[in-house]
Amino acid sequence: MILKKRWMRITAWTIAVLAVVVGAVTLVANSSYVKDRLIGLATDALSKELHTEVQIDDIGLNLVLQRASIYGITLKDQQQRDLFQAEKLSASLRLPTLLLGRLELKKCQAEGINLLLVKPEDGPANYQFLIDATQKKKGEAPKVEGGKKKAFKLSLRDATMRQLHVSYNGEDYSMEEAVYSHRFGKHSLTVRHLKGGMKKKTRKYKTDWHLDTGLLTATFKDDGPKHIDIKGLKLQSDNQI
């Protein structure tokens, strides 16, 4: 009985010490000095990788919940226009698997996304440089560490995007919410109110088209059938002389 009480006391003290250590590390990680350093490292790395200006307002880390958040992200195009803006990007990740070279994101969220896409008739799109920067160079050999190929795997289980706005060559598109999940080889995607407008001109008329997909649900398996269901689809046209 005495030995049991001693082990329970040691276990309780160990848990308490670990909680204090994790709490202290979390406080240090969220200090202004550490966050400024992380923001500087992140913006420099992204700017060099994407060959453009990247801005981040704030970063939040919670080691207890294993969650990271980035606030106020702006990505410029090569004409210094705001190509991509996001109010908040956050993700829940598993630290043990990350140390093993596997990034497992349990839940990702993106809020307040704004995209400015421009594709002129006589030149490349303003986002083409991103495609070029992220494509692997032909003949590039994979990184080798210790005689073995270093593979970094990404696993995503849940993702949510809210309030998306896209401007493409002056035409506006928006989406209220999109929710994605992946369980046991089955994927599901739910999109709420994907809206868009398009203008068509003829010699006599000008037609404005307005689309609202309502509720769109898609389910599919890695090696199985696919199913798409749409409820509340609306398509409206306005003709003007």
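How many nonpolar, polar and charged residues are in the lining of the largest pocket? The lining has 10 nonpolar residues, no polar ones and no charged ones. The model is predicted.

**The largest pocket**
- The space in the largest pocket comes to about 300 Å³.
- Its lining is made by Ala42, Leu46, Leu50, Val54, Ile56, Ile70, Ile73, Leu75, Phe84 and Leu89.

- Strand E2 spans residues 67-76, and strand E3 spans residues 82-93.
- The two strands pair in the antiparallel sense, over nine bridges.
- Alanine 68 has alanine 91 of E3 opposite it.
- Five residues lie between the strands of this hairpin.
- Glutamine 80, in the hairpin, takes a positive phi near 65°.

**Nonpolar cores**
- The largest nonpolar core has 10 residues in all.
- Its members are Ile73, Ala86, Ala110, Ile113, Leu164, Val166, Met175, Ala178, Val191 and Leu216.
- At least two residues of this core come from each of strand E4 (102-117), strand E8 (158-168) and strand E9 (171-183).
- A second core is separate and has six residues, among them Leu75, Leu83, Phe129 and Leu130.
- Ile73 belongs to the largest core and also lines the largest pocket.
- Leu75 belongs to the second core and lines that pocket too.
- Valine 191, a member of the largest core, is in contact with Met175, Glu177, Ala178, Gly214, Leu215 and Leu216, leaving aside its neighbours within four places in sequence.

**Serine 69**
- Serine 69 sits in strand E2.
- Is serine 69 buried or exposed? Serine 69 is buried, because its relative accessible area is 8%, under the 20% cut-off.
- Leaving aside neighbours within four places in sequence, serine 69 is in contact with Asp58, Ile59, Gly60, Lys88, Leu89 and Ser90.
- One of these contacts, Leu89, is also a lining residue of the largest pocket.

**Threonine 52**
- Threonine 52 is in the loop between H2 and E1.
- Threonine 52 counts as buried, because its relative accessibility is 11%, again under 20%.
- Leaving aside neighbours within four places in sequence, threonine 52 is in contact with Ser47, Leu75, Lys76, Asp77 and Phe129.
- Among these contacts, Leu75 and Phe129 are members of the second core.

Key
Residues are numbered from 1 along each chain as its sequence is written. This is a predicted model: local features need pLDDT of at least 70, side-chain atom pairs count only at pLDDT 80 or more; totals for chains, interfaces and linings use all residues. Side-chain values use heavy atoms; hydrogens and water are left out. Two strands pair if DSSP finds at least two bridges between them. Helices (H or I, at least four residues) and strands (E, at least two) are DSSP runs, numbered from the N terminus. A nonpolar core is a set of buried Ala, Val, Leu, Ile, Met, Phe, Trp, Tyr and Cys residues joined through side-chain atoms within 4.5 Å. Buried means under 20% relative accessible area, exposed over 50%, partly exposed in between (1.4 Å probe, protein chains only). Contact means heavy atoms within 4.5 Å. On a 1 Å grid over the protein atoms alone, a cavity is a set of points where a 1.4 Å probe fits but cannot get out, and a pocket is an open set with protein on both sides within 12 Å along at least five of seven lines; lining residues have an atom within 4 Å of a point. Grid points are joined across faces, edges and corners, and a volume is the space filled by probe spheres set on the points. Ala, Val, Leu, Ile, Met, Phe, Trp, Tyr, Cys and Pro count as nonpolar, Asp, Glu, Lys and Arg as charged, and the others, Gly among them, as polar.
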